[in-house]
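User: I'm new to this one. Can you walk me through it?
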Amino acid sequence: MRPEPAPDQSHSQVLDDLLAQLAQIARELPGEDGSLWQDAAFQRRYQTLRVTQLGLTALAVRAEGDDCLSWALSHRRDVLRRDLAELAFTALGYQALPDPDPLLIDNEGPIGHHLALKIMRALADYFEPVSQQAEDIPAVSAGLRQSFKSRIASRVFGTE
Amino acid sequence: MDFSFTEEQTLLQDSIERFINHDYGFEDRQKRIRQEPGYSAAAWSKFAELGWLGVPFAESDGGFGGSAVDTMIVMEQFGKGLVVEPYLASVVLAGGALKVAGSSAQKEHYLAAIISGTAQAALAFVEPQGRFNLADLTTTARKSADGWVLDGYKAVVLNGPSAEFFIVSARTSGEQRDSDGVSLFIVPAEAAGISRRDYPTVDAFRASEVTFEAVALSADALLGAADKGLPMLEQVIDEGILAVGAEAVGAMEVLYKDTVEYCKTREQFGQPIGKFQVLQHRMVDMFMEHEQAKSLLYMAAMKMDEGYSDEAKKAASALKVQIGKSGRFVGQNAVQLHGGMGMTDELNIGHYFKRLTTIDTLFGNVDFHLKRFGRL
């Protein structure tokens with residue numbers, strides 16, 4: 001059974017949690033000099049995502065009762081989730097690849113970094129309720145984003 | 001969080017919007033920037049008369065109320081009109097320094113003159129070697145028998161040519177980049193030992209390179225406590241970030257709306273180019289960038305009004321990152337969708353883009369504020 005679509009505050013909370021997990025992973029993984037957390041390129045990408053998340057938290061307040069801003073918010077969250085997944089892949093390297101049965105993990109312990117499977121699963125789980133909320137549009141990321149854009153164009157610009 | 005405006009704030013917004021729409025056309029602006037002093041003295045008097053020069057200041061200092069949200073409202077409308085009058089330099093920055101650090105006597109003398117429109121000022125805080133580091137100072141002030149002696153050089157002093165006095169950051173102790181040992185001074189522009197080289201900036205504002213050679217200052221020229229000027233300067237700059245953030249949001253709104261209107265009328269292949277989905281989606285991206293920046297702006301203004309804390313600093317840096325990115329995206333795409341016309345002097349689009357590009361650099365660019373945001 002699919003989880004219930006998350007209300008707006010939950011979206012923010014989930015993304016905040018994912019960002020916090022990623023920060024913890026980066027502090028524990030090695031980088032070029034010291035930990036990955038101290039890597040300038042990683043920091044730049046990570047802090048950019050945090051700024052985006054802060055902006056979306058504020059946008060969520062303005063989007064209440066406004067269709068266009070809600071569509072813009074959904075679209076932007078989708079893009080943020082994608083960027084977050086990319087950065088998690090970059091951070092974890094090979095350890096992002098395993099996709100074992102959860103029972104195996106319960107019985108034999110984690111594969112690789114202890115948070116690797118958790119964050120990759122969380123990113124996948126987060127995507128499910130988002131796609132369901134968008135009127136059951138199939139969870140094809142590109143299609144979802146374009147449909148939001150077409151709706152906004154029609155409503156805001158009056159274009160067909 | 002509640003982003004709705006009070007009745008007074010809505011009235012303020014409406015009155016400035018009316019002024020921009022009726023009395024501040026693009027052609028008028030272009031005439032103003034070609035003549036000295038580079039803006040309209042009549043418009044400046046009107047700003048004073050309508051009380052707009054007092055918006056960022058407390059009623060006890062003769063101002064309008066002094067909330068960050070109020071200043072944001074003014075600057076967002078000014079951004080829509082691409083206003084060249086030196087509100088940022090004189091009111092927000094120099095006036096802001098007096099607001100944050102001034103004694104009662106200093107406020108009575110200098111701040112009152114700014115609010116009434118009888119004097120203009122400039123904040124001289126940039127040095128060529130310092131990049132965006134406010135503490136990196138080679139300008140020095142040493143104690144003399146009856147006050148201070150100022151020596152040094154300040155670059156890109158916004159509104160330098162029209163300023164009756166400068167607020168100058170100088171090192172009074174410590175090493176070149178130390179956090180402690182920075183002090184602020186009020187310096188009359190006509191004081192002996194000051195020389196200026198004036199010039200226009202790429203976005204049609206005016207600025208100066210200012211040299212101070214053994215400038216004698218009285219003891220009461222010191223603004224705030226000696227050696228403790230850096231936190232005050234940092235607060236003024238963060239309030240400046242909020243102001244230019246609002247200006248940028250106003251400018252972005254005009255850019256995306258003008259682009260939509262243009263695409264509805266410009267025909268290609270027998271139909272308006274706005275019918276092409278690829279262009280519609282690009283305009284939606286512009287709309288979303290604007291709305292995201294506007295949301296962060298509202299949040300940053302609210303944080304600033306809750307008190308100048310680490311949270312407020314963080315929100316200011318986040319806003320600066322967002323307007324840097326969004327401004328570039330919206331500006332570049334407005335130019336692209338207008339085609340060659342977007343680059344001409346006759347059309348407003350290129351001028352908005354120039355202002356957004358300047359705003360990205362003012363007070364620290366995207367890279368600088370990403371690092372600061374991460375540190376806070």
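User: How much space lies in the largest pocket?
Analyst: About 860 Å³. The model is predicted: local features need pLDDT of at least 70, side-chain atom pairs count only at pLDDT 80 or more, and totals for chains, interfaces and linings use all residues. Residues are numbered from 1 along each chain as its sequence is written, chains are lettered from A and ligands numbered from 1 in the order written, and side-chain values use heavy atoms, without hydrogens and water.

User: What counts as a pocket?
Analyst: On a 1 Å grid over the protein atoms alone, a pocket is an open set of points where a 1.4 Å probe fits, with protein on both sides within 12 Å along at least five of seven lines. Its volume is the space filled by probe spheres set on the points, which are joined across faces, edges and corners.

User: Which residues lie nearest its centre?
Analyst: F125(B), V126(B), L362(B), F363(B) and G364(B). The lining has 45 residues (an atom within 4 Å of a point).

User: And which element gives the largest share of that lining?
Analyst: Helix α7(B), with five residues. Helices (H or I, at least four residues) and strands (E, at least two) are DSSP runs, numbered from the N terminus. The elements giving two or more residues are α5 (87-101), β3, α7, α10 (348-361) and α11 (366-375) of chain B.

User: How is β3(B) joined to β2(B)?
Analyst: By a hairpin, through two residues. Strands β2 (residues 140-144) and β3 (residues 147-158) of chain B run antiparallel, with five bridges between them. Strands pair if DSSP finds at least two bridges. K143(B) has W148(B) as its bridge partner.

User: New topic. How many residues has the largest nonpolar core?
Analyst: It has 154. Such a core is a set of buried Ala, Val, Leu, Ile, Met, Phe, Trp, Tyr and Cys residues joined through side-chain atoms within 4.5 Å. Buried means under 20% relative accessible area (1.4 Å probe, protein chains only). F78(B), Y87(B) and I167(B) have the most contacts inside this core. Helix α7 (residues 229-265) of chain B gives the most to it, 20 residues.

User: What does F78(B) touch?
Analyst: I16(B), I20(B), F47(B), W52(B), V83(B) and Y87(B), leaving out residues up to four places away in sequence. Contact means heavy atoms within 4.5 Å.

User: And chain A, how many helices and strands?
Analyst: Six helices and zero strands. Of its 160 residues, 46% count as buried.

Definitions and conventions: Buried < 20%, exposed > 50% of the residue type's maximum accessible area, 1.4 Å probe, protein only.
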